[in-house]
Amino acid sequence: MKLQESGENYLETIFLLNQKNGSVRSIDVANELNFSKPSISRAMRILKEAGFILIEKNGQIQLTEAGYHRAKAIYERHCLIKDFLIKTLQISDDLADKDACRIEHVISDETFEQMKRLFQKE
């Protein structure tokens, strides 16, 4: 399923919060992204309907296998692009992080794979 940039950001945030805290609830996502609870509730419903997350009765959000793989791939793109911007273009860490967050959603698979190959040679 094709996700909008915002959906990818939610998945990546869930992935990172889970890595950091071991569990994630909607309020954690809202706090991390500084979004309203209703916006997060709507987004979580969309991700659940798309099969990327499960929401347990206690409110815990779990990534499905598909959600985990998608979130991990998004985060991999983010990290590689950020490293590229820092190491190759000598962009500051903060700016590289912000730019990588935008680029990760629009970069083509072909360009990303070429960037990966370039970094694997180093």
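## Ground rules

This is a predicted model, so to speak of local features at all we need pLDDT of at least 70, side-chain atom pairs count only at pLDDT 80 or more, and totals for chains, interfaces and linings use all residues. Residues are numbered from 1 along each chain as its sequence is written, and side-chain values use heavy atoms, with hydrogens and water left out.

## Salt bridges

Count a salt bridge whenever a side-chain nitrogen of Lys or Arg is within 4 Å of a carboxyl oxygen of Asp or Glu; that rule gives eight of them. Back to the opening pair: lysine 116 and glutamate 113 sit three residues apart in helix 6, so about one helical turn separates them. Helices here are DSSP runs (H or I, at least four residues), numbered from the N terminus. Lysine 116 also meets glutamate 76 in a salt bridge, at 3.4 Å from N to O. That one links distant parts of the chain, with glutamate 76 in helix 4 and lysine 116 in helix 6 (residues 109-121), 40 residues apart. Put together, Glu76, Glu113 and Lys116 form a salt-bridge network.

How open are these side chains? Lysine 116 comes out buried at 19%, while glutamate 76 is partly exposed at 38% and glutamate 113 is partly exposed at 33%.

## Arginine 77 and its two partners

Arginine 77 forms a salt bridge with aspartate 109, with 2.3 Å between the closest N and O atoms. Here too the pair links distant parts of the chain: arginine 77 is in helix 4 and aspartate 109 in helix 6, 32 residues apart. Arginine 77 is buried, with a relative accessible area of 14%, whereas aspartate 109 is exposed at 54%.

The charged end of arginine 77 also sits over the ring of phenylalanine 112, 4.8 Å from the ring centre. For that label, NZ of Lys or CZ of Arg has to be within 6 Å of the ring centre and within 35 degrees of the ring normal.

## Aromatic pairs

Rings of Phe, Tyr and Trp (its six-membered ring) pair if their centres lie within 6.5 Å; planes under 30 degrees apart count as stacked, over 60 as edge-to-face, and the rest as tilted. By this rule there are three aromatic pairs. Tyrosine 10 and phenylalanine 35 make an edge-to-face pair, 6.1 Å centre to centre with 75° between the planes. Tyrosine 10 lies in helix 1 (residues 5-21) and phenylalanine 35 in the loop between helix 2 (26-33) and helix 3 (37-49), so the pair ties together parts that are 25 residues apart in sequence. Tyrosine 10 is buried at 9% relative accessibility, but phenylalanine 35 is partly exposed at 42%.

Next up are phenylalanine 15 and tyrosine 75: with centres 5.8 Å apart and planes at 45°, the pair counts as tilted. Phenylalanine 15 is in helix 1 and tyrosine 75 in helix 4 (residues 65-87), so this pair ties together parts 60 residues apart in sequence. Phenylalanine 15 is buried at 6%, and tyrosine 75 is partly exposed at 29%. Ring pairs also link Phe15, Tyr68 and Tyr75 into a cluster.

## Two positive phi values

Asparagine 34 has phi near 60°, a positive value in a residue other than glycine. Asparagine 34 is in the loop between helix 2 and helix 3 and is exposed at 70% relative accessibility.

Glutamine 90 also has a positive phi, near 55°, and again the residue is not glycine. Glutamine 90 is in the loop between helix 4 and helix 5, and it is exposed at 67% relative accessibility.

Methods
Buried < 20%, exposed > 50% of the residue type's maximum accessible area, 1.4 Å probe, protein only.
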